[in-house]
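Here's a quick tour for anyone meeting this protein for the first time. Have a look at the sequence and the fold, then read on.

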Amino acid sequence: MQVSATAGGVLETDVLVVGVFQGELGPSARALDEQLGGVLSELLASEEIRGSLGEVTKLLRHPQAPAPLVVAVGFGERARLQGAGARRAAAAASMAIAPRPRKSVAFRLDLEPSLSAAALIGAMTGCAGCDLHRAEKKLHPFEQLHWDGLDAESLQQASVIGEGVNLTRQLVNQPANVIDPEQFAEVARGIAAAGGLECEIWDRGRLEQERCGSLLAVARGSAKEPRLVILRHAGAAADAPWLGLVGKGVTFDSGGLSLKPSDSMKTMKCDMAGAATVLGAMQAISALKLPCNVLAVCGLVENMVGPDSYRLGDVLTARNGRTIEVLNTDAEGRLVLADALDVAVERGASRLVDLATLTGACVVALGHEAAGLMTNDEAWCAEVKAAASTSGERMWELPMYDDYGEQIRSEVADIKNVGAGRWAGAITAAKFLQEFVDDVPWTHIDIAGPAFLEGKPGQINGGTGAGVATLVELARRAVR
Ligand SMILES: [Zn+2]
C-alpha cells in the first residue's frame, strides 16, 4: 500500500472518503456537499446519516461527484472524539470499501493532527484482512491511499506505524502450524536485516548455557524448538539510555498438563501477540531511524503436552536464580517472561515495558476495550499512559499493593506461578514478573483483551496490533 499526501488539490481517485460528525459536516464534507447539490446536508437533516461513530454511508456514481464512489464516515460527537474512536471509524470506512480491489482511495476527514494520525493507522489496517489462507480474499489492501491533513513527517510516521501494526496482525493471524518459535525467529531475522537492527537468536543449546530454566521448562512438552530473540536498535550513543521492550511469544498455548478446554484453545495462536507487537514496533522504530536506543527481547516457545512436559509441583530455577513452584502449567507466559525480562535487565535496559496476552483475569477486569497496566514505578507508568493516549490506544492501570505479592509466596520455593485463588489474577501475575526486573523502572502491559477480537461487527477482528503505536511513541519520547 502506497500512502501519500493529497495536499488538498484536485484528485483523481476511485473512492473519496469524507468525515461527518454527529449532526454536522466538517469543512471537506461541506465543500463536497456544495459540489453535490446539498445531498449530504439533506441526508443529515433527514437523519439518514447521523454521523455516529463508525457509521458508513456510500453514495454511488453521483453525477457531480469527484469520484465514482463517495463514502461518508461518522466520527460521532466532535468534542468527544479521541484517538481510539478516530482509528476505529477510519477502519470501518476502509472495511466497507475494501471488499473490492481499489486502485486509489482518498481520505478527507477534517481531524486535528493527532486524531488524523490515529485515523490513518485505522484506514491502513481496515483494508487488510485476516483471511490469509483463503483463495478469495474478503478484503483487498488499497494500492494507493491518499491522505489529507497531516504534514509530511507525521504522515510518514503514521504510515510506518500502520505497516508495523499490519505486520503484527499478520503474525498473530498466522496459525501455529505456520508460525512456530523457529519461524517467528526467522521473521525477526528478516526484519532486522531489512531495518539494520542487530539480531541475536538463542537456540535451545544457548538457552541452556544461559540458564533459562524457567522458559525452557515451558518448551519441554513441545516438539518445536524454543527460541529467544534479541534485537537492538542503536540509534543513539551506546551510553545513552536503553528502552527495553519484552514480548511473550507462546506460539500456541494448549495449557500444557493443565489443559485448556477445547473452546478456550481455539484462538491460542494469538498467545504470541506480545512478541509480535514488539516486532511490529521494532520494524517501525528502525524504519523511522529514531535517534534513541531500543533493546527488544522476545521469548518464544510452544506450550504443549508431551512425554517430557513440565509438571505441577515441579520446582524451576529461573535465570536470575529465583526458584519457582509450578502449580498451573497454563500460567506459562510469566515463566517465559521471567527469563526474557532478566536478559533485558542484564543487557542494560534502563526502563522496561513488557507486553503479553497474559491473563484471562485482565479481560474479566477490562474487557477487550483496554489493556491493563501494572508497574513498579509510577512515573514510568505515567509516561506509558501518556504515550498510549497520544497513540489512540486504551490502557488502564491496576494497583500493585504489596499485599498482592503475598499470594505468590510458596512453601517449597521462592515463589509460585499462580496466586492464592482466582481473585486479582492479572495483578498476581504482574507481582510474579516484578521478581525478575530487579529495580529497573518497569511497566507490564497485559494485552489479553485488546490483542485479539472475535465477533465484533464493524471492527478489525483477529489480531489487532494493539500496543504497536504506543511502543513507537515511547521510543519517540525517549529521544528527548
Ligand atoms: Zn497459558
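Let's start with helix H4 (113–126), whose buried residues are Leu-115, Ser-116, Ala-117, Ala-118, Ala-119, Leu-120, Ile-121, Gly-122, Ala-123, Met-124, Thr-125 and Gly-126. Here, buried means that 20 or more other C-beta atoms lie within 10 Å of a residue's own; with 12 or fewer it is exposed, and in between it is partly exposed, with C-beta atoms placed from the backbone. Keep in mind that this is a predicted model: local features need pLDDT of at least 70, side-chain atom pairs count only at pLDDT 80 or more, and totals for chains, interfaces and linings use all residues. Numbering starts from 1 along each chain as its sequence is written.

**Helices H4 and H3**

- H4 is mostly covered, with 12 of its 14 residues buried.
- Those buried residues pack against H3, S6, strand S7 (144–147), helix H5 (152–173) and helix H16 (468–478). The names follow DSSP runs numbered from the N terminus: helices are H or I runs of at least four residues, and strands are E runs of at least two.
- From its first C-alpha to its last, H4 reaches 20 Å, close to the 20 Å expected at 1.5 Å a residue. The expected span is 1.5 Å times one less than the number of residues in the helix.
- Why is H3 called largely enclosed by the rest of the structure? Because 15 of its 15 residues are buried.

- S2 (residues 15–21) is largely enclosed by the rest of the structure, because seven of its seven residues are buried.
- In a regular strand, side chains alternate between the two faces of the sheet. Both faces of S2 are covered: Val-15, Val-17, Gly-19 and Phe-21 are buried on one side, and Leu-16, Val-18 and Val-20 on the other.
- S2 pairs with strand S5 (residues 69–74) in the parallel sense over six bridges, and Val-20 has Gly-74 as its bridge partner there. Pairing takes at least two bridges found by DSSP between two strands.
- S2 also runs parallel to strand S6 (residues 104–108), with four bridges, and Val-15 stands opposite Val-105.
- With strand S3 (residues 24–25), S2 pairs in the antiparallel sense over two bridges; Phe-21 has Glu-24 as its bridge partner.
- S2 and S3 form a hairpin with two residues between them, and Gly-23 in the turn has a positive phi of about 75 degrees.

**Strand S7 and its partners**

- S6 and S7 pair in the parallel sense over four bridges, and in S7 the partner of Val-105 is Leu-145.
- Strand S1 (residues 2–5) is joined to S7 by four bridges, and the two run parallel. Gln-2 stands opposite Gln-144.

**Two domains**

- The protein chain is divided into domain 1 (2–150) and domain 2 (166–478), with bounds that come from an automatic or database domain assignment.
- Their centres, taken over C-alpha atoms, are separated by 35 Å.
- The contact takes 18 residues from domain 1 and 18 residues from domain 2. Two residues are in contact if their C-beta atoms, placed from the backbone, lie within 7 Å.
- H3 and H4 each supply at least two residues of the side of domain 1 that touches domain 2, and H3 gives the most, with seven residues.

**The core**

- The largest nonpolar core has 166 residues, and those with the most contacts inside it are Leu-215, Leu-228 and Leu-341. Such a core is a set of buried Ala, Val, Leu, Ile, Met, Phe, Trp, Tyr and Cys residues joined through C-beta atoms within 7 Å.
- Helix H10 (residues 273–287) gives the most to this core, with 10 residues.
- The core draws at least three residues from each of domain 1 and domain 2.
- Leaving aside neighbours within four places in sequence, Leu-228 has contacts including Trp-202, Leu-215, Val-297 and Val-343.

**A look at Ala-185**

- Ala-185 sits in helix H6 (residues 181–195) and counts as buried because it has 23 C-beta neighbours inside 10 Å.
- Ala-185 and Val-229 are 44 residues apart in sequence and 6.3 Å apart in space, C-alpha to C-alpha.
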